[in-house]
Structures are given as C-alpha cells and as structure tokens.
Amino acid sequence: MASQQQDAGTGAYLIRGAAILGGAPEDLLIRDGIIAERGQNLSADGATVIEAAGLVALPGMVDIHTHLREPGREDAETVETGTRAAALGGYTAVHAMANSTPVADTAGVVEQVLTLGRTAGWVDVRPVGAVTVGLAGEQLAELGAMADSRAHVRVFSDDGICVHDPVLMRRALEYVKAFDGVVAQHAQEPRLTAGAQMNEGEVSAVLGLTGWPAVAEESIIARDVLLAQHVGSRLHVCHVSTAGSVEIIRWAKSRGVNVTAEVTPHHLWLTDELARSYDPVYKVNPPLRTDADVQALRAALADGTIDVVGTDHAPHPSEHKECEWAQAAMGMTGLETALSVVQHTMIETGLMGWADFARVTSTAPAAIGRLEDQGRPLDAGEPANVTLVDPAARWTVDPSKMATMGRNSPFAGRELPGKVVATFFKGHPTVLYGKLNTPYRWLPEAPDPARNTGTAAAGRN
Amino acid sequence: MRHLLSTEDLSLSNAVRILDTAEEMAAVGEREVKKLPTLRGRTVVNLFFEDSTRTRISFEAAAKRLSADVINFAAKGSSVSKGESLKDTAQTLSAMGADAVVIRHWASGAPHRLAATDWIDAAVINAGDGTHEHPTQALLDAFTMRRHWSRLAGTPSAGADLTGMRVAIAGDVLHSRVARSNVWLLRTLGAEVTLVAPPTLLPIGVEKWPCTVSYDLDETLAKGVDAMMMLRVQGERMNASFFPTTREYSRRWGFDDNRLRALDGLGLKDTIIMHPGPMNRGLEISSAAADSPRSTVLAQVRNGVSIRMAALYLLLSGDTREPAGHADNTRFHTAENTSAHAPKESH
Ligand SMILES: [Zn+2]
C-alpha cells in the first residue's frame with residue numbers, strides 16, 4: 001500500500017536503544033514508511049536520532065472500539081480531535097463506531113468517515129459499518145456495499161445497541177462470511193436493562209439506581225457464541241464486563257467457536273463503588289462492575305480468553321455529564337489513558353509483559369479488523385507503525401489538557417504510569433517527544449488495488 | 001453536619017441530636033406563639049422537581065416557624081421533558097442567596113450532586129430523591145417510634161434510641177426511598193428491622209442490608225412486631241409483573257382487617273401501625289387499620305414539621321448543642337448580620 005501515499009516533508013528516524021517489546025535494547029531505522037533496519041549500533045546516515053534508552057518500542061496501537069462522533073455530533077468530538085487523541089495515546093489505527101448521525105449504515109457514510117480520517121492524517125481511521133439500518137435492529141444494513149466500498153469495512157456493529165433479535169443476529173453472522181467480516185456485538189439484553197443506570201448489585205440496591213444485571217450481558221453472549229458455532233461465523237464481543245461472560249467465552253473457545261472478545265481499560269480497574277459519588281463521570285455502558293469482575297477480566301486478558309483491549313472511547317459534551325446521574329450520558333474517554341491504565345492494571349501487577357501488551361493492543365485487534373499493515377512485527381521491511389513508550393514516567397490525568405473534546409475521563413486526578421514519547425504512523429511521527437507533531441499526509445485518492453480482491457481466506461481469526 | 005443527604009451516613013449522635021432538637025421544636029408547636037426568630041433573615045428554598053404537596057408544605061411550615069424566608073421553586077424537568085438543568089437552577093438559587101435548599105427530585109442522587117459540586121454553596125436537605133433516600137421521613141418515623149417506645153418504658157424520650165424495638169416494614173422496598181432511609185436509621189438507633197415484601201419488590205443485594213427479610217407478613221407478625229410500617233404500593237407495578245393482581249398483593253402483603261384483628265390475638269396490644277402517606281386504602285392498608293387507634297399516620301405528619309424544623313435549625317445555626325426552644329435566641333439577627341450571606345461565614 002506504500003505506493004499510494006507519500007510522507008511529505010519528513011525524513012528518516014533512528015530510534016536508538018529502545019527495548020523492543022520490552023526486550024533487549026536495539027535500534028530501529030525508519031525510512032520511507034517502513035522499518036528499514038533493526039539491529040545494534042545502526043548508523044544514523046542522516047536520519048534524525050531519537051535516543052530511546054529506557055523506552056519501550058511497540059507496534060502502533062490499534063483500537064477496535066472508538067466513538068469519533070463525526071458526522072453528526074461534532075460538539076462532542078470530531079474525527080480531527082479524536083484522532084489527535086488517538087495518536088497521543090499511542091494509536092496508529094482506530095475503528096470508528098457506526099453510531100454517528102447519520103448512522104454509518106451505507107457505503108456513502110463509511111466512505112465519508114474514511115475521507116475525514118485521511119484528511120486528518122493522525123491515524124488510520126477504519127470505519128465500522130452498522131449491522132442494521134439506522135441501528136434499529138430491524139433489517140440488515142448494506143453490509144456488502146460497505147465491505148466493497150473504499151472503506152473496506154470488515155467490522156460490523158450496532159454498538160450502543162444490541163442486535164437482540166436472534167434471527168437478525170444469525171443472518172448478520174452468516175452474511176458477513178461472504179467478505180470475511182465480523183459482527184461486533186454490544187451484548188445487552190434490552191428488556192432486562194430497561195432504564196438501567198448501573199451494575200445491579202449491592203451498590204445499586206443502596207443507591208436506588210436501576211440495575212443493569214450481569215445476566216443481561218451473559219445471556220446474549222451465550223446465545224451469540226452458540227449462533228456463531230452453528231453458522232460457522234466470526235463473532236467479536238465488545239466490552240466484556242463480567243466474570244460470567246469470561247466463563248462463557250472461555251467455554252466457547254474451548255469448543256472451537258470463532259469468537260474474540262474485548263475489554264475496556266476502565267473495566268480492568270474501576271468498580272461500581274465509584275457510583276456512590278453519583279458523579280456521572282462514572283456512568284458507562286456496560287456499567288462498572290464489582291472487584292470480582294475486575295479480577296476475572298484481568299485474568300482473562302492475561303490468559304488470552306479476552307483477546308484485545310478496546311477503549312470504547314466515548315466523549316460527551318460537559319452538559320451531558322454535569323447533571324443528575326439518571327440524566328447523564330453513558331460513556332468515558334479512553335484514548336489518551338488506555339496505555340497507562342493497561343500498564344497499571346496488567347503490567348505493573350505482573351500479569352503481562354510488553355509483548356503481551358503488543359498482542360492485546362495491536363496484533364490481535366489488527367487481526368480482528370483485518371488490517372494488513374497494522375499490528376505487524378517490528379522487523380525490517382514491515383510498515384513503520386511504531387509507538388515509543390516511557391514506562392517509568394508518571395503523570396496525573398487532567399482532562400482539560402487532553403486532545404479529545406471530551407472531558408469525561410474517569411481517571412481525572414489519578415496518577416498513572418507510562419507516557420507515549422513518540423507515535424510513528426506509516427513512518428511519520430504524529431507524536432514526537434510526547435507532543436503532537438504533524439499529521440501524515442495521504443496522497444490524493446488513487447484507484448485502490450486492495451479493492452475487490454475477493455474474500456480473504458475464511459477461518460482466519 | 002453540613003448537609004442532610006441520607007441516613008446511611010448519619011451518626012448515632014447526630015441522629016439523636018436531631019430527634020432531641022425535634023422534641024424541643026415540638027414543644028414550641030404547643031405554645032401560644034408557635035414561632036421562633038431563630039432563622040430570621042435566612043432564606044430556605046424548596047426546590048421540587050417532583051410534585052409533593054405534603055412534603056413541601058411540611059418543610060414550608062417548619063421554615064416559617066423558624067422565621068426563615070421561604071421560596072418555593074417548582075422546577076420542571078422530568079426525565080421526559082428536560083427543563084432548565086439542575087446546575088443552572090442551583091446557580092440561580094445561589095445567586096439569590098439561598099442559605100438552605102430543600103430538594104425533592106425524581107432522580108436518585110440529585111441532592112448529592114448539589115452538595116458535591118460548586119454549583120451552590122448552601123446547606124442541602126434531601127426531601128426525597130428517586131428511589132434512594134428520604135431522610136427526614138425516616139427521622140420523623142423514628143421520632144414517632146421513639147415517643148411510643150419511651151412512653152411504654154415510662155422513660156423520657158430525650159437522649160434515647162430504639163434499642164430492642166422490633167420494626168417491620170412491608171411493601172415495595174425496591175422502589176422505596178422511605179424503606180432505605182428507615183433501614184439505615186433504625187439500624188443506627190438499635191432497632192431490629194424486618195422487611196416484608198414479594199421477592200420481586202426487593203432489590204438484588206438486600207441480603208447485605210442490616211435487617212431480616214421475609215416474604216411472609218403473617219409469620220413476621222406472629223414473631224412479634226412493635227411497629228408495623230406499610231409502604232405505598234403503586235398499582236402500576238402490576239402492569240410490570242411485579243405481582244399478578246392488586247387483589248393478590250393486598251391478600252398476601254397488605255395490612256387488612258384480618259391482620260388488624262390478628263394483632264389482638266397475638267397479644268400485640270401496643271403495636272403501632274405506620275404509613276408515610278399518601279395511602280392506597282384497600283391496597284397496602286385497610287381503612288380500619290389506617291383509622292384505628294394503633295395508627296400513627298397523623299402523628300407522623302405532625303412530627304414531620306418538628307423534625308424539619310430541627311434539621312433546618314441544626315444545619316443553619318452551625319450545628320451547636322444550644323437548646324432550640326428559646327425565643328430569646330437571637331444569634332442570627334444581630335446588627336452585623338443583616339445580609340443573608342453573612343452568617344455563612346460562621347459555618
Ligand atoms: Zn457498546
């Protein structure tokens with residue numbers, strides 16, 4: 001794909017002495033959009049040298065679950081601001097969820113989002129297509145047209161709303177096999193969660209807030225893994241939030257079901273105890289659960305039952321959070337804190353190393369989204385999507401200083417470990433020395449050779 | 001005490017202090033001149049996002065007996081039709097110089113939001129929030145129970161708690177802020193609480209509450225109950241399948257005439273029957289029970305004014321142990337405190 005774009009005005013970079021995936025220090029020479037060399041004592045040869053002793057080099061992070069809000073809710077976020085946040089958070093690709101206005105349920109809208117992403121140039125914006133028209137859960141959206149569009153949609157989701165009709169879900173799972181797609185399910189049984197405000201349990205009982213029971217998630221996941229097995233399709237489960245869901249997914253994988261699962265950074269750390277403040281910054285869907293759930297999710301991410309970390313980055317204008325809990329919008333920002341939260345919850349706890357981090361934040365999400373040039377090894381000849389992290393850094397979260405327009409970070413005021421020093425997107429530093437640099441500049445659209453190349457091999461996870 | 005938001009975090013000493021102060025306030029209510037100058041020049045706003053004439057006029061009477069200026073603010077803004085935001089309303093009241101905000105809201109936690117944010121710097125009293133809490137209702141219930149319990153013991157109620165008293169609360173616990181506030185406060189005061197309800201109207205997690213749970217009202221009565229509190233049950237719950245019919249509900253969980261008679265048969269001659277109102281006669285309580293000598297329904301209403309006077313007094317006068325019932329208490333209308341804001345500095 002390197003032929004269709006250029007990297008105007010930027011040169012080569014020599015990253016010197018970074019711990020690649022947390023291993024022994026090595027140099028990486030980035031030139032012409034690729035990793036030209038990897039090794040010891042590489043010669044700079046005119047390249048800009050980045051001294052990276054003590055830093056960790058990772059494949060550029062890939063978010064499988066981002067709400068960029070554009071088109072339609074530009075007061076909450078735009079593709080420009082959201083992808084700036086993504087770059088600062090270490091991402092080189094994000095999947096833009098379909099619940100925009102209009103809904104991304106046609107080739108026209110997904111191509112619009114693709115173009116907005118390329119115009120911004122901070123990361124690769126991969127549009128997610130809606131499963132059903134208008135997210136209404138009644139009839140299939142133009143899945144094939146979106147798959148064949150310039151946006152090459154492979155991930156389909158009504159996220160925000162569950163595809164709860166079992167027949168429609170079955171058909172969607174079956175249909176997307178024709179172009180190696182995946183249905184990403186927001187697992188929420190709607191009748192069991194009417195008016196739900198927070199996790200149903202001891203805390204909701206005391207607070208008098210309508211409960212969102214774990215069974216509403218688990219029953220849908222159980223149904224969907226059985227459906228996926230029955231029709232031989234690929235299923236992705238968004239934002240798994242309960243210990244029971246983990247058990248069901250573990251069981252399904254043991255039976256060979258082609259299912260992948262995602263957990264958000266906030267579900268790896270925060271619990272429903274925070275709702276006692278009635279501060280809607282802690283209101284999210286699915287809701288924060290109990291500490292037992294948090295521990296089960298961490299274990300599942302470490303042992304591979306859960307495949308990926310997805311941010312579910314959901315910016316909201318402040319007036320949608322500065323109100324009563326029941327009036328408040330659900331969602332939290334996440335792009336600029338994900339790396340630090342995963343470091344805190346998974347690496348500093350000894351549950352995972354940086355190689356595992358690369359798997360759950362880059363390799364696995366790229367594979368689910370079928371992104372050929374993301375989540376690749378940091379080896380010579382590979383696309384230069386690279387994130388450099390200072391794992392020793394400590395910083396205090398201040399939402400007012402973030403690039404996202406959303407101020408709704410549940411981590412506000414917390415001190416977090418790990419800071420993104422640089423993000424290279426297609427060989428271009430979108431972030432350098434911890435600051436936003438310049439966007440990558442795509443060439444004007446050329447006929448896309450990747451288009452209509454037929455279906456990829458079925459059965460790939 | 002800066003605010004009165006819930007009974008869950010109300011200490012025993014503060015609870016008893018409110019009850020004792022309410023006794024003194026009740027004494028004022030029996031005097032010829034029912035008014036105290038204590039809160040002269042202070043402004044109390046009744047901010048009601050949900051209609052409740054009963055609760056509003058109770059707070060209004062309480063504030064007026066303490067000589068406070070009262071502003072009633074009926075705010076529109078249901079979950080359906082959004083009106084002015086809580087934040088804007090609070091900032092407006094702050095600009096008007098409200099010293100205390102009595103808030104009733106359909107959303108659980110709205111009073112906590114007012115108290116926790118910088119939208120307004122006033123004492124906040126929760127007058128019922130969603131299905132969360134209704135602390136002054138629980139306090140007036142406890143006040144009513146304490147008078148009864150002390151009279152039986154032949155001891156003065158001032159300073160007393162409710163150690164050993166057996167209280168049963170029956171009805172829609174799931175949706176009841178009254179039940180929640182009562183459970184926490186009665187625990188703090190040492191009473192033994194039993195919740196009686198159909199399983200559908202108990203919250204998941206109730207097993208962690210400091211009380212006993214029963215599905216059987218007759219069995220609970222047979223074990224002995226000193227105060228029987230019936231909660232309002234909305235007939236609409238039937239349509240959401242919380243119970244099959246209102247007939248079946250009242251047969252199993254209503255305090256009907258048979259159960260009223262049963263109290264005598266069980267030798268429970270001193271058991272009182274309570275209801276926070278408004279009552280659904282014939283559903284959760286029969287008319288005979290509501291109007292029987294055991295009923296404390298009207299005493300509860302009367303005591304409500306005393307409790308709300310005590311709460312306003314304690315929050316706005318700096319929470320001292322000063323006796324409240326003294327007409328010569330002039331702390332807050334001395335010359336240097338002419339502005340409504342000035343006394344705040346003493347908090
Ligand atoms: Zn979702």
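Modeller: At 2% relative accessibility, His239(A) counts as buried.

Biologist: What makes His239(A) buried?

Modeller: Buried means under 20% relative accessible area, exposed over 50%, and partly exposed in between, with a 1.4 Å probe and protein chains only. The value for His239(A) is 2%, so His239(A) counts as buried. Before we go on: this is a predicted model, in which local features need pLDDT of at least 70, side-chain atom pairs count only at pLDDT 80 or more, and totals for chains, interfaces and linings use all residues. Residues are numbered from 1 along each chain as its sequence is written, chains are lettered from A and ligands numbered from 1 in the order in which they are written, and side-chain values use heavy atoms, with hydrogens and water left out.

Biologist: Which residues are the protein donors of the zinc ion, and why are they called donors?

Modeller: They are Asp159(A) through OD, His186(A) through ND1 and His239(A) through NE2. Donors are N, O and S atoms within 2.8 Å of the metal (3.2 Å for Na, K and Ca). These lie 1.9 to 2.2 Å from the zinc ion, so they count as donors. Water is not among the atoms, so sites may look incomplete.

Biologist: How are the donor residues spaced in sequence?

Modeller: The pattern is D-x26-H-x52-H. Asp159(A) sits in the loop between β9 (155-156) and α4 (166-175) of chain A, and His239(A) in the loop between β13 (235-237) and α7 (243-254), so the pair ties together parts that are 80 residues apart in sequence. Helices (H or I, at least four residues) and strands (E, at least two) are DSSP runs, numbered from the N terminus. Asp159(A) is buried too, with a relative accessible area of 3%.

Biologist: What is the phi of His239(A)?

Modeller: Phi is near 25°, a positive value in a residue other than glycine. His152(A), in the loop between α3 (143-148) and β9 of chain A, also has a positive phi, near 45°. Most residues other than glycine have a negative phi, and most peptide bonds are trans.

Biologist: Which peptide bonds are cis?

Modeller: One joins Thr101(A) and Pro102(A), with omega about 5°, and Pro102(A) lies in the loop between β7 (91-96) and α2 (107-120) of chain A. Another runs from Gly277(B) to Pro278(B), with omega near -10°.

Biologist: How do you know that Glu322(A) and Lys87(B) meet in a salt bridge?

Modeller: A salt bridge is a side-chain nitrogen of Lys or Arg within 4 Å of a carboxyl oxygen of Asp or Glu. Their N to O distance is 2.5 Å, so the pair meets the rule. Across the interface of chain A and chain B the rule finds 4 salt bridges.

Biologist: How many residues are in contact between the chains, and what area is buried?

Modeller: 18 residues of chain A are in contact (heavy atoms within 4.5 Å) with 25 residues of chain B. The buried area is about 1,700 Å², of which carbon and sulfur atoms give 54%; the term means the accessible area (1.4 Å probe) that two parts lose on being put together, summed over both.

Biologist: Last one: is Leu47(B) buried or exposed?

Modeller: Leu47(B) is buried, at 0% relative accessibility. Leu47(B) lies in strand β1 (residues 43-48) of chain B and touches residues including Phe73(B), Val102(B) and Leu114(B).

Note on methods:
Lists of a residue's contacts leave out its neighbours within four places in sequence.
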